[in-house]
Structures are given as structure tokens and as C-alpha cells.
Amino acid sequence: MSSPALETYLARLYTDDALRHAFLLAPRAQALLHGLSAREADAMAAIDRVGLQMAAASYRAKRAGRAVHGIQARPAHPWWRRLLARWR
């Protein structure tokens, strides 16, 4: 089970470019600096760095898409229900 501090820090790493950059330079030190235990810091130091960068880029693109287009990530109803609603 992960701690709330670990979950919060990981979420921030996905969304904060400066924090992620500092983490990638010194992962264990940064994790300890942000209140994680030694065990959690060791686990964070072993994180897949490429995966972290890819996930951050994906979340950034999703946020940008929603902000620009003002659309939901997934439609509220299947396409065929929306089509039927237009015919009524």
C-alpha cells in the first residue's frame, strides 16, 4: 500500500515539469526532500524514467485537448444513442 505522501508526490511529478526535472536529476534526494520515507525514496529512484516522461506528456496532451476543445474525454452516451436522439 502506498502512502498519501507518495501518491501526492507522484501526481505532482506527472503534472509539474520543474519538479519532474529536479527529480530526474536526483530521484532519491528529491523524494526524501518531499517527505517520502527511505523505502519509498528507494522505490521512486527505481521508477521507469521513460514511462514517467511518457505519462506526463500524455496527461499534458489530454489537459490541453480538453482546454482547447472543451470536450469530455469520453462521450456521455454511445454514438448510436446520440444519433437516435437527433432523429426524435
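Predicted model: local features only at pLDDT ≥ 70, side-chain atom pairs only at ≥ 80, totals over all residues.
Start with the overall layout. The protein chain comes out as six helices and zero strands, so reading along the sequence gives the plain pattern α-α-α-α-α-α. Of its 88 residues, 19% count as buried. As for how the chain folds back on itself, take the contacts with a separation of 6 or more: residues 24 or more positions apart account for 50% of them.

Confidence comes next. The mean pLDDT of the protein chain is 85, and 84% of the residues reach 70 or more.

On to the core. The largest nonpolar core holds 11 residues, namely L6, Y9, L13, L19, F23, L24, A31, L36, A41, M44 and L52. Three helices, α1 (4-15), α2 (17-25) and α4 (38-45), each put in at least two residues of this core. L13, one of the core members, gives a handy view from the inside: setting aside neighbours within four places in sequence, L13 touches L19, R20, F23, M44 and L52.

Several of those names come back where α1 meets α2. These two helices pack with their axes 6 Å apart and at an angle of about 110°. That angle falls in the 65 to 115 degree range, so α1 and α2 count as roughly perpendicular to each other. On the α1 side the contact is made by Y9, R12, L13, Y14 and T15, and on the α2 side by D17, L19, R20 and F23.

Now for the aromatics. A pair of rings is described by the distance of the centres and the angle of the planes. The count for this model is two aromatic pairs. In one of them, the ring centres of Y9 and F23 sit 6.1 Å apart with the planes at 75°, so the pair is edge-to-face. Y9 belongs to helix α1 and F23 to helix α2, so this pair ties together parts that are 14 residues apart in sequence. Y9 and F23 are both buried.

The other pair is Y14 with Y59: the centres are 5.2 Å apart and the planes are at 80°, which again makes the pair edge-to-face. Here Y14 lies in helix α1 and Y59 in helix α5 (residues 49-69), so the parts tied together are 45 residues apart in sequence.

Finally, a look at two exposed positions. M54 is found in helix α5 and counts as exposed because its relative accessibility is 57%. In sequence, M54 and Y14 are 40 residues apart, yet their C-alpha atoms are 9.3 Å apart in space. A46 is found in the loop between α4 and α5. With 63% relative accessibility, A46 counts as exposed.

Terms used:
Residues numbered from 1 in each chain as written. Heavy atoms only, no water. Core = buried A, V, L, I, M, F, W, Y, C linked by side-chain atoms within 4.5 Å. Buried < 20%, exposed > 50% of the residue type's maximum accessible area, 1.4 Å probe, protein only. Helix = DSSP H or I, 4+ residues; strand = E, 2+ residues; numbered from the N terminus. Contact = heavy atoms within 4.5 Å. pLDDT = per-residue confidence, 0-100. Phe/Tyr/Trp six-rings, centres within 6.5 Å; stacked < 30°, edge-to-face > 60°. Axes fitted to C-alpha atoms, helices over the stretch in contact; angles between N-to-C directions. Parallel < 35°, antiparallel > 145°, perpendicular 65-115°, else oblique.
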